[in-house]
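Reader: Could we go through this model together? I would like to start with the terms and then move to particular places.

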Amino acid sequence: MEETRIGLYVCWCGTNIAKMVDVENVAKEMESMPNVVVSKDYKYMCSDPGQDLIIKDIKEHNLNRVVVSACSPRIHELTFRKALENAGLNPYMFEMANIREHDSWVHTDREEATRKAKTLIAGALNRVRWHESLEKRTVDMNPATLIIGGGIAGISAALEIADSGKKVYLIEKSDKLGGHLLNVDLTYPYMYSAQEMIKPKIDRIENNPDIDIFLNTQIEDLTGYVGNFQTKISQDGAEKELKFGSIIVATGLRAFNPDSIKDYDYANFPNVITSVEFEAMLKSGKILTKEGKEPKNISIIHCVGSRNHDYHEYCSRTCCMTALKYSNQIRSALPDSHIYHAYADMRAFGKGCEELYTKTSGKDVIFLMYDQKNDLPKIKKASVKDKCEMLIELNEKLSGESVEVAADMVILMVAMESNDNAKTLGQTVGVSLCGNEFYIEKHPKLDPVATTTDGVYVVGSCQSPKDIPDSVSQARAAAARILAKINYGTVEVEVTTAVVNEELCCGCQTCVCVCPYTAISYDEEKNVSVVNEVLCKGCGTCGSACPTGAIKCRHYTDQQILSQIEGLLSKSLELQEV
Amino acid sequence: MEEKVNTAVCFCQHTNGHTDVVDISEVAAYAEEIPGVRTVWYTSSLPIADTREITRMITEEGISRIVLAGEQPGMYKTVFAKSLAAAGMKAENVVQAGFREHGAIKKFDTDRAKAILACAVYGVPFENAAIPEESDVHPDTLVIGGGISGIQASLEIADGNQKVYLLEKTGTIGGHMAMFDKTFPTLDCAACILTPKMVEVGQHQNIDLMTYCEVLGVSGEAGNYKVRILKKSKRVDPATCIGCGTCMEKCPKKAPSEFDAEISMRKAIYIPFPQAVPNKYLIDADNCTYVENGKCGICVKVCPVPDCIDLDQQDEEVEITVGNIVVATGFKPFDAKRVDQFGYGKFPNVITSLEFERLINAAGPTSGNIVFRSQDKKGNWIFNDESASPKSIALIHCVGSRDENYNKYCSKVCCMYSLKLAHLAKEKLPDAEVSEYYIDMRSFGKGYEEFYERIDNEGINIIRGRTAKIEESGDQLLLRSEDIEGGRLIEQKVDMVVLAVGLEARDDSEELAKMLGITQDENGWFNETNFLSDPVGTFAGGITIAGVCQGPKDIPDSVAQGSAAASRVLQSIIKGKVKKSIKDISLDYIESHAKKLSKIMEDKL
Amino acid sequence: MGNEEKKPKINLAIYWGAACGGCCVSVLDVHESLFDVVAAADLVFWPIALDIKYKDVEAMPDGFIDVTLFNGAVRNSENEYMAKLLRKKTKILVAYGSCSHMGGIPGLANFSDKESLLQRVFDDTESTENPKKIRPQTEYEVKEGVLDLPEFYNDVKTLDQVVNVDYYLPGCPPQTERLVEVFMAIVTGAELPPPGSVVGALVKSQCDECERKKSDNKKINKFYRPWEIEDDGETCFLEQGVICLGPATRGGCGVRCIKGNAPCRGCYGPPPDVIDPGAKMMSAIATMIDSDDPEEIAAIVEQIDDPAGLFYRFSLPSSILRRTIK
Amino acid sequence: MIQRVNPDLKKYLVKYGVQDWNECFHCGNCTAICPLTDQGFLFPRKAIRQVQMGLKTSLASNFDPWLCYYCGECSETCPRDANPGELMMSLRRYLTSVYDWTGFSKLFYTKKIWEFLTIIILFILVIASFVVWFPKEQIANFTTYIGDHSFLKVIEAGDLIMAAVVAFVLISNIFRMWYLTILKPKYKVPFIEYFRGIYVLPGVFASQISFRKCDTDGRLYWVNHLLLMTGYTLMFILVVVFLPKFQVSEVYNWYHWQRLLGYYATFGLLFGLSAMFIGRWRKKSEKFKFSHLSDWLFIIMLFLTTLTGILVHIFRLADMPYATYYLYIIHLAVLVPMICVEVPFSKWSHLAYRPFSIYFYYLKKAALSKQHKSKLAAAA
Amino acid sequence: MSFQPTIVSFLCNWCSYTGADLAGTSRMKYASNIRIIRVMCSGRIEPTFVLKAFREGADGVLICGCHPGDCHYHEGNYKCLRRFHLLQKYIKQMGMDEDRLQLKWISASEGKQFAELADSFTEEIRNLGPCKVKEVMETLT
């Protein structure tokens, strides 16, 4: 083993550090620490001359470790690592002691601050001795993409990727593309035709040589990692294998079945229909009751299965607006009808939506507010003298009155819920579910389409209920990620990963269950755990959980940290009693 | 196709008094010339309340297909679908030629409106017929706006190994999100999740970060835009500034801090906030004593780096060439002063949500203590750590939003952020009485409804009812509101009122829209190509929009849009080609192309 | 065979410090192999079996003994004296058994101190009658002269805390087969591992040998003492909520306890890279607790009555904290 | 009681006003901004809700509209431009027709031609009766004998009969109002409160003091209204009740009480009316944005009455008997239909309903507070 | 003020270390007794490190991680929380005051909270007096 030769550099940071820390004294005193070959102080280490100083010393003094004592490593660790790289040294042979943010800026006694700086540096010096060279690693990126689900999200993503000439495998479990949108007549808030929007897209997909469409297809099994996935699919019983670099999950959702809500008695009233059924009526141009008559009184009940603890706690996001759209369409087709809404909160939040709400209000539509949590309306059969088929009883919140509403047709705005195979598919592709059985994203805000599994993205309503523009945006967002990676050609993987020493690992599998990224798997043959370094993000939780000490967390090894502790607590540097 | 399809074109355009709209009579004249058009109708003269009458007309004229033309003809679709179905035709044969849907809004778009109509009559989707030419694309991209959308778009493109210029008007990137304390519904702190991204931008080798810059003009065409940029003088050399802060310490001139929503003071030489990227000082020329009258110059004297501060530095103009432009300019908060009844600006403790956001931020001027506004020595109303804390706080939703008197639209985020603020207020001041006044609770996103429930159970009074007015009552504020669900009048005395101000288009967006050749809707938000299928594209080639500048949005949606815009950019770079503006396609071309496509479709059948 | 040069016999010593005697018995447990041992070695010192006095050892030249198997911890001045003496006289000093290796069961005395131990033994025990509060003396004058007794130390130490140790042969007691293997290796002059190594044990920990079914389903909602649960005899103890130190304990014993349906208590000591097996095991066990709620976690942790005694049953004096602090 | 939601009611109500108030999304702004809103009496929003849902019974028992003086604050700040203020106005018309058992009110409000016809018929009748019965020879000395010409007795008798009829209609309608708002909804008003409440009435009637609350940001509608109202009332009393004392032959000095009162009343009427005229004409402030035909008719007729009255006075002082006589006829011909049509059946009826609504408001509050107290007692 | 305790603090990179940095950039003053060790995640912190710190002379050990739910690695902080409880019980059994070891959540924006925590923890440890582990260990060798 080569001799450890450490270069120590103490930064003044102008007066920022030097004012509170006797930088020169520190540099001088620390020179005597074991293995320290050079110890220097300099005004601004991060400046170009400062970095040059390090590079020169590395070459001149044959240094193989460097410690810079300056500001927070969060600011300049990368800067100095690059300097080491420029000098031909592995960038990980470097450690920073933060004597600005954690010392000079927060303390008031110069002597104490100086002493603390020494301890911090001693810790860093101790630690850096155990540093090891780590190599940057990349994996090649297979430019093909697998898209699961042929709804609007899947279609948008497919076109986005294929339009740049990259291969797409589009898998759909039903026999046609288009998803739920195929059954939609108009869209809110601008009343654009859904068919006119989706049809040309399907045309383009079908005619795009870069897109392979697999209808009636299911995914059997999936292996691999970002850049290099492979899967077995079964299409009408025939199996096939595909290889690709990224996966977009766009499996969408399904409509809630209102059978379980007793108050609505969906099963027994022929003219209590779901929003899905009503949409089909609108598409066919025939708004008729089951008896073939035009309904005079139409009631729309919101939040059916949403925002209620007995069904789904979440808001399904699109129903309010869809219901408003219905009102406009009904008013257009049946100008004399009575339209009632039983709603909880009118959620008209998107572009153009509040305006549609206002517009709808002006069209003789009656909005009745009910308590969607505790007090659902009840649908009852009406008597002959009521001159209508059903009566809806509800406690109206805006007036505080109990009222009944005549109805010949009741439209239940059913909730959106996740597909029944969401869980199994999620397990296959490595995406977890959140509380409501929707797929969970990597970060709810800053990474809404990525998942904890690199290379797997969730878009559209399988992540949570969404309307068309939001689904399209998400699909595009995932496409951007994938295109960027494809354009790069390779995927960089975390360097400071955990690694299992197979000599020591006893196969207890404690680590397997603690890894948040399922990066550790158990190799039955060897009876050891194996870290998939592509998936590992380097948090080190497994290393702490490993009872045998077989897992090493690169750059945060036990040895490195324990030495740092020893350094920090060197006797000579302890605070004196005052 | 033995039988000829007889099409009726029905115009449903209502000008509502606007004059600069598509010329319907011209389009109608054009429509009559299209083969297959049997008759031209106008909804204004049709008995559209009487489907029987329309059905009769359909049967009489032998119409089997109806094209609805106009700005948003969808409103009439159902009546015609029903009539067609009643006449025994297919209800699907109502085709919409939506002018607005395909970007024909103004008078000069009349030709495009004709093309849209022609496509509809031929049964060819407009986007299939109107395929713009492609031109070579310059691989560099300009992103305008350094908020979260712009950051996301820049990172996305830069990660694809392409050069990005990220242009930001202020001295730091981060936008409004950087000002927030926590983000709903997970309550993780905005700085924790945003600053790593900002640092990533600052250190990314593919991103040329241009802060304190403005767009002066854009020329050229899709794929090859020349953008003139004004580099406002920072008067501090960012290359040599080491961020020590000595200058700021010594600078004698103070100005309201933009980052703190002007509830605290900063110096004339400053870093917008501690985690700003770039973390370099700059001089606010409007407030610098030296710039004003040539005296002072203390900062130069104390600066440890020679020649770092140059107080005489002048603004500079540069020109860059880019292939694509992403517009992510964001929003400005609604000016609460406009709502008289709330007394914002009159009563010191009526504050806006953005101010409150800074107030409760641990990194804000009061280190997260909620206190009363007080006056400093110079009479500025600021928040000062030493003031007392309020014992009761009320939050008022929909300030400036959902209001015919101000902005008609819903700002989408206020309900959620108010819930969040209420929670944080309660957390900081557990004994304080926190109330919320709302109209409709719009907690629509993932985990939002659950968040609402959670806040509802935290002892916060969430009251349905818009607050009508705020008056001073002794030391307190008297607020009048109706508790809609309880059916009673509420006259509540509180110590502090937080106005949940809505989002508005930025003042400079009109200017920018003109420069870039993109359009705005009536609320000032930028228009997307197609609301449904292309929420980030614009009609100008190579220009995409992302984030709130397209319409109010929460953070996840803004991020998704930032990425989505980047996807368009990357796609064009990978292909090497970018689509030009569809404005440049001639009517003749679209018409003949549509004819051709329709022929192909017929042959297929 | 005849042509083969006969190797000279080596000198072997076996000594016990603070030990139960089990280790010495384990040497006898070699049964017939004893003949091989005797054939290869001269037993020059083994108080339990041979009448060789300390002064005989003192008389030996330095390095006279080739191998000393030292079992038992260092508890008193006599232990220490003999450890130092034997170190001087021995070429290869082997810490034999858990007590000399890590402190072992006697090491648990480090939860207490000299004074309270003496008080318990000489005052408080129910069967003791000691009105004059007489305590052991290091010197006691009798007619014949001054008798000296070893001084009882405050702390239990491991052998290597007193003298340098060449090899460690862990176990309570060590597996006899392992002893024979090690011994034969030394005798036959096979290449020896670097000094300071643990010999006669595996590098991998118990789980490697353990035949119980293990999975990644290590989530613990409740801790059970072994008698509180009906062991299914198949599943990993940890997965059943029974604390088993197996993962942090070297293999080599043939998983005897686990085969006998008792969880491992850790007598074989930590695998090579582990400094403090108790700490490692605490870390692993705590990680398995299936809760994110602080109060629930605290409640589950409460179910472990005596973590220090449990996780450091054999290793307290060699652990980082070594003893309780007062 | 469960009421049926009736969307058709508001289609009918449109006839009483200009719009259907569907834009309202129930934020409660109008209620809260209203300076008169009181606990249990939630101004416009409750009424809007009743209109939107077509809750006829609730609407009939709601006298909130009478408490409103239409400051316009609610309409001004309404985020949906739903015009709650105008709704209250329209509801006052509707409620007038609800209270009115004769059905005239409904007829006049919903079929405008009937109101015109009635006015014209009465107009002609008055003129005709003069033509037929007035002794022609007295015309020449009409100015000097104005107080004691023989026909005056007839006029006086007619006057009193008209007053009696109007009073009967009004009083019976007020009883209906009481039935609909207090009795039918079963508010248990302690008997004593009826008497206590009586004290409230005259003062309120005279001053309309609560109107003052509505004068936010310095507008003086109250003063205006007070002038108009006192002027009118004074004139009404003078002309209808004390006609013999008022219409006298002797010309008193200008400072005589009779003339002073007359001048005050005239000034009040003129001032109030012109302010109303200008306001409605300009439609600048919220309260004047919309004007129902009945509003205009009332203003015009009152204005004409005043004008003709002034002219009669001037001509008489100028000793121009013929001019005085003809204008006198016109004056009466306008005055009579105005009082017969407007006072019991139309706009002017609010002079009775308003004070009584305050009386009932007082009673209802008393009932509610009693109910509240007994609830508390039961709970304890 | 007499006894100057030595405190070792383990901070996670994403929240707490950033929070401590923020305290620095905001120039908040706090006791200089705290010495910070950066780890990527509080889930990396092992009992061994803590015991080692006490063994080497620390009078108190402070562990800081992201607030529950905020962990950059999803749930590392929960792992840390579980270990912390057991470890506290252990050190108590070993005769130490369990308050010498504390676990606190500090987010990236809580610079002030960190500074306050540093002060309050120092004060608390000062009141507890010196930790004798190192002293005792020295008498043993």
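Author: Helices (H or I, at least four residues) and strands (E, at least two) are DSSP runs, numbered from the N terminus. This is a predicted model, in which local features need pLDDT of at least 70, side-chain atom pairs count only at pLDDT 80 or more, and totals for chains, interfaces and linings use all residues. Residues are numbered from 1 along each chain as its sequence is written, chains are lettered from A and ligands numbered from 1 in the order in which they are written, and side-chain values use heavy atoms, with hydrogens and water left out.

Reader: Thank you. Where is P189(A) found?

Author: P189(A) lies in the loop between β8 (186–187) and β9 (192–193) of chain A.

Reader: What about phi of D236(A)?

Author: Phi of D236(A) is near 45°, a positive value in a residue other than glycine. D236(A) belongs to the loop between β12 (228–235) and β13 (238–244) of chain A.

Reader: Is D236(A) buried or exposed?

Author: Buried means under 20% relative accessible area, exposed over 50%, and partly exposed in between (1.4 Å probe, protein chains only). D236(A) counts as exposed because its relative accessibility is 61%.

Reader: Turning to β4 of chain B, how many of its residues are buried?

Author: Five of the five residues of strand β4 (residues 94–98) of chain B are buried, so this strand is largely enclosed by the rest of the structure. V94(B), Q96(B) and G98(B) point one way, whereas V95(B) and A97(B) point the other way. In general, side chains in a regular strand alternate between the two faces of the sheet.

Reader: Which strand is joined to β4(B) by five bridges?

Author: Strand β3 (residues 65–70) of chain B is joined to β4(B) by five bridges, and the two run parallel. Two strands pair if DSSP finds at least two bridges between them. Opposite V94(B) in β4(B) stands I66(B). Together with helix α3 (residues 77–86) of chain B, β3(B) and β4(B) make a right-handed β-α-β unit; right-handed means that, with the strands pointing away from the viewer, the path from the first strand over the helix to the second runs clockwise.

Reader: What is the order of the strands in the open sheet with β1(D)?

Author: Four strands form this open sheet, in the order β20(A)-β21(A)-β22(A)-β1(D), with mixed pairing. Its edge strands are β20 (378–381) of chain A and β1 (3–4) of chain D, each of which pairs on one side only. β20(A) runs antiparallel to strand β21 (residues 390–395) of chain A, and four bridges join them. Within that pair, K378(A) has E393(A) as its bridge partner.

Reader: A last topic: how many disulfides are found over all chains?

Author: The search of the whole structure finds zero, a disulfide being a pair of cysteine sulfur atoms within 2.5 Å. For C13(A), the nearest cysteine sulfur is that of C11(A), 5.2 Å away. C13(A) is buried, with a relative accessible area of 6%.
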